[in-house]
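Biologist: I would like to go through one structure by question and answer. Please give each cut-off the first time you use it.

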Amino acid sequence: MEIMKRTRLSPDERRSQLIELGVSMLSGRPLSQISVDEIADQAGVSRGLLFHYFSSKDEYHLAIVEHISQEMLKSTAPPDGLGPIETLMSTLTAYVDYVFANRTTYVSLLRGTASGDPATRAVFERTRDAMVDRTLAQLPLVGIEPTPLIHLAIRGWIAFCEEATVHWLRDELLSREELIALLTRALPAVALGPDDAAALLAERSTVP
């Protein structure tokens, strides 16, 4: 990576620059191996200046994780004006495409949270909570009221989507479209009764 020339940036711009450098490095190494000294060199700033924006290496790493989580949520925001199944398919398509484009970074962080520090795990849990809330918000549109059972089922479905997509990245035995259809069918199958699931899927006949 080419070392950036020293330029005068606003505090927000400098902080964003340092985070983006960390994100780019994450594509080639685990989070734990991202060195603040190397980041400072690449940004053309001193180590002391980096710690002006982040109180510790852990805080800097956490900022990288939060940036990626927010980027993923933004990239997979549900579109307006579509029915529930179309919205679900659109969101899952955006999710699969985001993970495919950022596979090394995403898999590294997802796998790292299992044994990582509590703060990093908390970021991923908040991201999952946001995804659950998005999904629950669609249910009243088809006359289904969220319940604790449905909430738990959706949490499990999100974990299924993560695992299925990560395994798909390894071999891609299914097409992208087949994976998206699988993830789409799985939600009503685990969260709703058979009648509600069949009715919801019937709304979009192109779901295999």
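Biologist: Which is Trp168, buried or exposed?

Modeller: This is a predicted model, in which local features need pLDDT of at least 70 and side-chain atom pairs count only at pLDDT 80 or more, while totals for chains, interfaces and linings use all residues. Residues are numbered from 1 along each chain as its sequence is written, and side-chain values use heavy atoms, with hydrogens and water left out. Buried means under 20% relative accessible area, exposed over 50%, and partly exposed in between (1.4 Å probe, protein chains only). Trp168 has a relative accessible area of 8%, so Trp168 counts as buried.

Biologist: How many aromatic pairs are there, and which kind is the one between Tyr95 and Tyr106?

Modeller: Rings of Phe, Tyr and Trp (its six-membered ring) pair if their centres lie within 6.5 Å; planes under 30 degrees apart count as stacked, over 60 as edge-to-face, and the rest as tilted. The structure holds 3 such pairs. The centres of Tyr95 and Tyr106 are 6.1 Å apart with 80 degrees between the planes, which makes this pair edge-to-face.

Biologist: Where do Tyr95 and Tyr106 lie, and how far apart are they in the chain?

Modeller: Helices are DSSP runs (H or I, at least four residues), as are strands (E, at least two), numbered from the N terminus. The pair links distant parts of the chain: Tyr95 is in helix H5 (residues 84-101) and Tyr106 in helix H6 (residues 103-112), a separation of 11 residues.

Biologist: How many residues separate Phe100 and Trp168, and which kind of pair do they form?

Modeller: Phe100 and Trp168 form a tilted pair, 6.0 Å centre to centre with 50 degrees between the planes.

Biologist: What distance does H8 span from its first C-alpha to its last?

Modeller: The expected span of a helix is 1.5 Å times one less than its number of residues. H8 has 24 residues, and its span is close to the expected 34 Å, at 36 Å.

Biologist: Which residue forms a salt bridge with Arg103?

Modeller: A salt bridge is a side-chain nitrogen of Lys or Arg within 4 Å of a carboxyl oxygen of Asp or Glu. Arg103 has one, at 3.3 Å from N to O, with Glu172. Arg103 lies in helix H6 and its partner in the loop between H8 and helix H9 (176-191), so the bridge ties together parts that are 69 residues apart in sequence.

Biologist: Which residues are linked in a network of salt bridges?

Modeller: The structure holds 9 salt bridges. Arg155 meets Glu125 at 2.5 Å, N to O, and the closest N and O atoms of Asp129 and Arg155 are 2.5 Å apart. Asp129 lies in helix H7 and Arg155 in helix H8, so their bridge ties together parts that are 26 residues apart in sequence. The network consists of Glu125, Arg128, Asp129, Arg155 and Glu162.
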